[in-house]
Amino acid sequence: MLVHYLTIAAALADAPFAAVTGVLAAAPNPSPAAPPGLEATGNLFIGWMKWILIVAGVGDLLVCGIMMAVGRRNRSAFAADGAAGIPWVLAGLTCGAVAAVVVGAILPS
């Protein structure tokens, strides 16, 4: 397929730019399609990944809170590590929450 388009591009090397862009605009761009029988499996896998993200996010926030509570007295570095972990946990949860939106915006169907 690539050889075909390269051959056309070479043949149109002396042609105006509009003719070349017209040929390149005709390149196929099919919408995404799941292989037969795997759509349900793909959706199940994505659902499991979302569930793991939620459980890990809740667990990580609890760990950060425990670190801050334990490190309150005479262990300020431990408390600071717990507080420093909160933005990372929230960033990870945000990435997971907007993953489908970002991929859909970059690769529209």
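Tutor: Let us start with the second largest pocket, which in this predicted model is lined by Ala34, Glu39, Gly42, Asn43 and Ile46.

Student: What makes these five count as lining residues?

Tutor: A lining residue must have an atom within 4 Å of a pocket point, so Ala34, Glu39, Gly42, Asn43 and Ile46 qualify on that criterion. The space in this second largest pocket comes to about 160 Å³.

Student: Which residues line the largest pocket?

Tutor: Its lining consists of Ile46, Met49, Lys50, Leu53, Gly96, Ala97, Ala99, Ala100 and Val103, around a space of about 210 Å³. Two elements, α3 (39-70) and α4 (76-106), each give two or more residues to this lining, and α4 gives the most, with five. By class, seven are nonpolar, one is polar and one is charged.

Student: How do you know that the span of α3 is close to the expected one?

Tutor: The expected span takes 1.5 Å times one less than the number of residues; α3 has 32 residues, for which 46 Å is expected, and its first and last C-alpha atoms lie 46 Å apart.

Student: Why are Gly57, Cys64 and Met67 of α3 called buried?

Tutor: Buried means under 20% relative accessible area, so Gly57, Cys64 and Met67 each fall under that cut-off. The buried residues of α3 pack against α4.

How values were computed. Residues numbered from 1 in each chain as written. Predicted model: local features only at pLDDT ≥ 70, side-chain atom pairs only at ≥ 80, totals over all residues. Heavy atoms only, no water. 1 Å grid on protein atoms, 1.4 Å probe; cavity = no way out; pocket = protein on both sides within 12 Å on 5 of 7 lines; lining within 4 Å. Points joined across faces, edges and corners; volume = space filled by probe spheres on them. Helix = DSSP H or I, 4+ residues; strand = E, 2+ residues; numbered from the N terminus. Nonpolar A, V, L, I, M, F, W, Y, C, P; charged D, E, K, R; others polar. Buried < 20%, exposed > 50% of the residue type's maximum accessible area, 1.4 Å probe, protein only. Contact = heavy atoms within 4.5 Å.
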